[in-house]
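Let's take a friendly walk through this protein, element by element. Have a look at the chain first, and then we can go through it together.

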Amino acid sequence: MKTQVSALAKTQVSALAKTQVSALAKTQVSALAKTLFASLALAAVVAPVWAAPRTVILSVPGMTCAACPITVKKAISKVQGVSKVAVTFEKREAVVSFDDAKTSVQKLTQATADAGYPSSVKN
Ligand SMILES: [Cu+2]
């Protein structure tokens with residue numbers, strides 16, 4: 001009889017322990033979720049900082065005369081988010097400053113390609 005009680009007590013202790021572990025796990029998950037949420041909220045706040053103007057140098061090998069840079073500059077300037085464009089015929093390159101929240105390097109190279117001047121990133 002004593003043994004049975006003892007066994008029963010052990011079972012209950014074990015069950016209690018499991019409940020506690022489970023509660024602890026839930027607390028940890030909740031804490032993790034809070035941390036995750038906090039970092040996501042922080043990311044949302046920080047995002048505009050990441051969207052700071054970026055400058056990229058595009059190689060535009062297809063420019064064959066002094067008038068070509070005008071066409072290239074016009075094409076890049078039309079892309080939304082572009083703040084500054086400097087195209088040099090001598091170097092066959094375009095230095096473009098843009099807001100990477102509004103546009104991407106891919107859109108810039110696409111714009112020059114659409115104008116007849118395929119380009120690629122130099123830096
Ligand atoms: Cu030309």
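How many bridges join strand 1 to strand 3, and in which sense do the two strands run? Seven bridges link them, and the strands run antiparallel.

## Overall layout

Keep in mind that this is a predicted model. The protein holds three helices and four strands, and from the N terminus on, the order of elements is α-β-α-β-β-α-β.

Of the 123 residues of the protein, 16% count as buried. Among contacts with a separation of 6 or more, 61% come from residues 24 or more positions apart.

## Strand pairing

Helix 3 spans residues 105-114, and its buried residues are Leu108, Thr109, Ala111 and Thr112. Seen down the helix axis, these buried residues fall within an arc of 155 degrees, so they line one face of the helix. An α-helix has 3.6 residues a turn, so residues three or four places apart point the same way.

Just after the helix comes Gly116, with a positive phi of about 100 degrees.

## The nonpolar core

The largest nonpolar core has 14 residues, of which Val60, Val72, Ile76, Ala94, Val96 and Leu108 touch the most other members. Helix 2, strand 2, strand 3 and helix 3 are the elements that give two or more residues to this core. In soluble globular proteins, nonpolar side chains tend to be buried together.

Leaving aside neighbours within four places in sequence, Leu108 is in contact with Val56, Leu58, Ile76, Val79, Val96, Phe98 and Thr103.

Where does Arg92 lie? Arg92 is in the loop between strand 2 (82-88) and strand 3 (93-99). Although not a glycine, Arg92 has a positive phi of about 55 degrees. Arg92 counts as buried because 20 other C-beta atoms lie within 10 Å.

Key
Residues numbered from 1 in each chain as written. Predicted model: local features only at pLDDT ≥ 70, side-chain atom pairs only at ≥ 80, totals over all residues. Buried ≥ 20, exposed ≤ 12 C-beta atoms within 10 Å, placed from the backbone. Arc of directions from axis to C-beta. Pairing = 2+ DSSP bridges. Core = buried A, V, L, I, M, F, W, Y, C linked by C-beta atoms within 7 Å. Contact = placed C-beta atoms within 7 Å.
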